[in-house]
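The sequence and structure are shown first.

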Amino acid sequence: MRERPSRMSFFPATRGVTPLPAPRRGRALALALLAGMALAGHGTDAAARTPRSIAEQAQAAEDQDAIIATVNGSVLTKRDVDTRGRLFALSSGLDVSDDIMQRLRPQIVRQLIDERLRMQEMLDRHINVPIKQIADAISGIEQRNGMPENTLRNKLAEDGVSLTTLIDQIRVQLGWTQVLRQETGERGRITAAEIEQRAAALKREDGKPEYMISEIFVPVEDPRHTENELKFTETIIQELREGAPFPIVAAQFSQGQSALDGGMMGWMQEDGLDPQVVEVARQMPDGAISNPIRVAGGYVIATIAERRTVGHQMATIISMRQAFFPFDVPLDPENPTDQQKAALDQATSFSTTVKTCDQMEEQNKKLGEKHPSDPGELMLNRLNPRMREVIEPLAPGQASHPLVSQDGIVLLMVCTREERNIAIQTPSEIADHLLNERVEQTSRQLNRDLKRRAIIDMRSKS
C-alpha cells in the first residue's frame, strides 16, 4: 500500500444537502414567464426580445436543467456537470477546448455521482464541516500554486462560476475525511509494536531509492471495460503536459486521499508503491508527467519532485519569525498612500533595532498578527529562489530588509539554523504513514459499498 503524510487534519463548511433544482413545469410556463418579463420591459431592450429569442432562452434554460442522473433521489443536472468542467478549465489556467471538455464529461459525471454518495453518507452521520476549514483549504490550494490570496475566487467571479461550486467540492473532500476517521475507528490506533516493525523495515531499506512523489488516482468501475477511464486519464495527462498545475488537477479529479494535498504523497519507498509505479519511477526524469499507469483499482498519473537514498539526506533547517506591517488598501506602486509610506518607514526603522526573534514575534502581535509570527521550520533548499536569496545570507538574530507586497510589508529573522538528516523518519511520521494506508483501504472499500447499495438512475450519457 502507499504511504502518505497525515491528512486527517484538513478542511470544508456548514451546510446541509445540496438543494435540488426547482420543479420544472415545462416549456409553456417558462415561455409565459419570459413573455411576461418582456411585456413588463420597455424601450429597445423590450423590443429586442422577440418571440424567437425568448423561445431560444427558454430552451437553453431547459437544456441546462436536463437531468443527467438521480443518485438516491438527488438530482444531477447538465448545469452541474458544465459548471464543474468550467471550474477545472479556470483553475488549470488553460484554454480548454470544447473537444477536451467533451472527453472529460463522462468522468466528471462519475465524480459528481461519487460526491453525492459521499455527501449523503456525511449527512447520515450528522457530519458538518466548518466554513473556516473550507476557506483554509482554498488558501492552501492558492499557496501551493504560488497564487495571491483570493485568486481563485476572483477568477471564478470573472467567468461567472459560483464560488459555491468549489466550496461544495472541498466540503465533500473534508467531510469524507471525517467519515473515514469514524469508519476506521479502533483500527486507526497505531501500536508501538507496529511502529517498531515499520522502523525495522525502513532500516532494511537503508541505501535504497525513495521518491518525493505526487499522484492522481482515477478509479476504474469495471476492470473488464477501462476505455472511458483510460481516455480520461490520457486527456488529463495532455493538459498537465501543456502546463496545468498538478496540485490543482489532483484536487479536482484525483479520487485518492492525497487529493486534498494536491496529490502529494510525501517521501515514498519502493516497497510502499505499486510495482507498476516503481517501474515507471525508476525511469522517468524528475518533473516529468507519467503516462497512464495501470494499478489495482484504476489508473495512476505520477510526477516526481526529487529522489534520494533511504536514510541519507542532509539539509539545512531554519526556524524563523516574521513581522507583518499591513496596508489599509492594496498597494499602487505608482501612487502609495500616506498609510503605506508610514508603514514602510515603521518597518525600516524596526529592522535596524530588532535583535531577537522574541522581539520580532512581539512586534507582529502588536500589528494584529495578520500573518503568523512563526511560519514553522523551513528547509532552505525547498524555498523559492527569491525567498532563498533573502534568507540565506541572514545570520541568526539578523532582520531582513523590508519586503514589500501588495497587501503589506514583511520583515524576516532567522532564529536557528542546523544541518539535519531529514531522511530518518520519526515514530510519529511512521504512525502517520501507517494510518494513511488504513484510511486509503477504508475509503476504497466504503466507496464500493455505497455504490452497491445506491439507486443510481442514469438519464443521459452527457
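Arg 105 and Asp 82 are both buried, where buried denotes under 20% relative accessible area, exposed over 50% and partly exposed in between (1.4 Å probe, protein chains only). The model is a predicted one, in which local features need pLDDT of at least 70 and side-chain atom pairs count only at pLDDT 80 or more, while totals for chains, interfaces and linings use all residues. Residues are numbered from 1 along each chain as its sequence is written, and side-chain values use heavy atoms, with hydrogens and water left out.

A salt bridge places a side-chain nitrogen of Lys or Arg within 4 Å of a carboxyl oxygen of Asp or Glu; by this rule the count is 23. One of them joins Arg 105 to Asp 82, with 2.4 Å between the closest N and O atoms. This pair links distant parts of the chain, since Arg 105 lies in helix H5 (residues 98–124) and Asp 82 in helix H4, 23 residues apart. Helices (H or I, at least four residues) and strands (E, at least two) are DSSP runs numbered from the N terminus.

Asp 82 also forms a salt bridge with Lys 78, at 2.8 Å from N to O. These two residues are four apart in helix H4 (residues 78–92), and therefore about one helical turn separates them. Asp 82 has a relative accessible area of 18%, whereas Lys 78, at 25%, is partly exposed.

Elsewhere, Arg 321 and Asp 374 meet in a salt bridge of 3.4 Å, N to O. Arg 321 belongs to strand S7 (residues 314–326), and Asp 374 to the loop between helix H14 (357–366) and strand S8 (378–379), 53 residues apart. Arg 321 is buried at 18% relative accessibility, while Asp 374 is partly exposed at 40%.
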